[in-house]
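User: I'd like to go through the aromatic contacts in this one. Start with the rule you use, please.

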Amino acid sequence: MAAPGWDRLWTGVQLATMTDRSLGVIRNGAIASAGGRIAWVGREVDLAAGQRREAAEVIPCGGAWMTPGLIDCHTHIVFGGDRSDDFRRRLHGESYSDIARGGGGIMSTVRATRLASMEELTRSAAARGRELGGWGVTTIEVKSGYGLDLETELRMLEVAAALPRHIPADISPTLLAAHAIPPEYAGRRSDYLKLILEAILPAALEQGHATAIDAFCEDIAFTPGEARAVLEAGIDAGLHGRLHADQLSDLGGGALAAETGALSADHLEYLSDAGVRAMASAGVCAVLLPGAAYTLGADRLPPVRALRRAGVTMAVATDANPGSSPITNVGMILNLACIRFGLTPEEALLGFTSAAARVLGLEDDRGTLEPGKRADLALWDVEDPAQLCYWMGASPLSSLVRDGVPLAVAPSSPG
Ligand code: NIG
Ligand code: FE
C-alpha cells in the first residue's frame, strides 16, 4: 500500500467516535492524523503493516479511551468581577429575578465588565478556558452580553476571539447584546433595541469575530418580539441564530427559535409541547444547561423525554457564567445532565461532542472521530465512557491533542 503520509498514529485505543447519534465504539482501535485532520479511523487489526510503518510517529495508548475534543457550545466566560454577593443573597432567600430587577445580577457583572481592561478580561477568561481544557474541551463558544454598549460588546468579542493565543482551544464568539436592558436605557427599551440593530450589530459584523447572534427572551430581559427582531437581523446578515429560551417562563421561545431559523434554543425549562413540536420540525437543536437549573434551584426541568421522543438533537453545555452557572467542571455538568435531567451517559457525551458541533454549525468539521474531521482528540483514563458522567472527582483527562498535535501537558492538571 502507498505511503499514507500520516503525521501520527495512535494505537491500542478504545474509540468513542460519536457517529450515528451513538457512542460509535470501536474497540482495539487506531486513529491517524495528517495535516491536522483525521486521516484514518478503524480497528487496529485492519491497519496494513505498510500504513503503520509509514506513520511519522506511533503513539501506543495502552487501551485508553478516546473521544473527540469536547465542545462547550454555550458559555459566558468573558466577564469582569464575580457574583458571590448574588450567591449569598439567593441563599438568604432572594430570587434570581428579584436580584436582577433590583440592579444586581447580570447588571452587576455589566458594571464590572465595563470597568475591566482588555488584559484583565483576557487573563480571567483564559483561566476559565484552561479549566475547561482540563476537561478535554477544545472548542468553546463564548458570548458577549456583559457590555451592553457598543464599545464593551466589541471588546468582549475581541477578547473572546483572541483567546486561542492564550489557551489551546478554538473559540466561536457570539454577539449577545440582547442580554439585558442596560440601566442608561431604563424606560427606553426601544432605543436600546435600536442601538443593537443600528449600531452594535453592524459594528460587530464589521469587526468580523462573531459567528452567531443570541438573545435572552424572558420577562426580565427581551420580549419575544424584540428577540425576534434581533435574531432576524443577525441571521439575515449571515450569523447563526441562538436563543436563551423558556428558562424562567414559557414565552414561546422554542417556537420563536424555530420560526427564525435559529440553530438552537437553550435552557428550555418551560418549553411547551408545541415548542417541542416546532423545534423538531424545524430541526432546531436543544441546548440543555443543567448547571443553571442546579444553581438557580429551578422548579421545572426541560422536557427531555418529549425532546427525545420528537428526535430533537440535544446538546449539553456548561453555561459557565458568574451568575447562574459558575461552573467550569464538565464532569459535574455531565453528571447533572444525567442525574437531574435524565439523560443517558451516551446522550450527555453526544451533547458535548457531535450535537454541540451542530449547534455551532461545525458538524462537518469536528465533533466526531471520522476521516476529514479535525484531529482534536481527548484521551481519558477511564474504564468506560460512562465514567466521565458517573464519577464526580478530578478530571480523568490523560492527554489532549489539537490539530493532530499532542499537547505537552493537559491545559490544567486538576488531578
Ligand atoms: O445563560 N440566562 C441568561 N444568561 C445567563 C446568565 C447570565 C448571568 O446571570 O450573568 C445564562 O444563564
Ligand atoms: Fe447563557
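Analyst: Rings of Phe, Tyr and Trp (its six-membered ring) pair if their centres lie within 6.5 Å; planes under 30 degrees apart count as stacked, over 60 as edge-to-face and the rest as tilted. The model is predicted, so local features need pLDDT of at least 70 and side-chain atom pairs pLDDT 80 or more, while totals for chains, interfaces and linings use all residues. Side-chain values use heavy atoms, without hydrogens and water, and residues are numbered from 1 along each chain as its sequence is written.

User: How many aromatic pairs does that rule give?

Analyst: The count is 5 aromatic pairs. In one of them, Trp6 and Trp40 have ring centres 6.2 Å apart and planes at 40 degrees, so this pair is tilted.

User: Where do Trp6 and Trp40 lie?

Analyst: Trp6 is in the segment before strand E1 (8-16) and Trp40 in strand E3 (residues 37-43), so the pair ties together parts 34 residues apart in sequence. Strands (E, at least two residues) and helices (H or I, at least four) are DSSP runs, numbered from the N terminus.

User: Is Trp6 buried or exposed?

Analyst: Trp6 is buried, at 6% relative accessibility. Buried means under 20% relative accessible area, exposed over 50%, partly exposed in between (1.4 Å probe, protein chains only). Trp40 is also buried, at 16%.

User: Next, what about Phe79 and Tyr146?

Analyst: They form an edge-to-face pair, 6.3 Å centre to centre with 75 degrees between the planes. Phe79 is buried at 8% relative accessibility, and Tyr146 is buried at 2%.

User: Which residues do ring pairs link into a cluster?

Analyst: Tyr185, Tyr192 and Phe222.

Technical notes:
Chains lettered and ligands numbered in written order.
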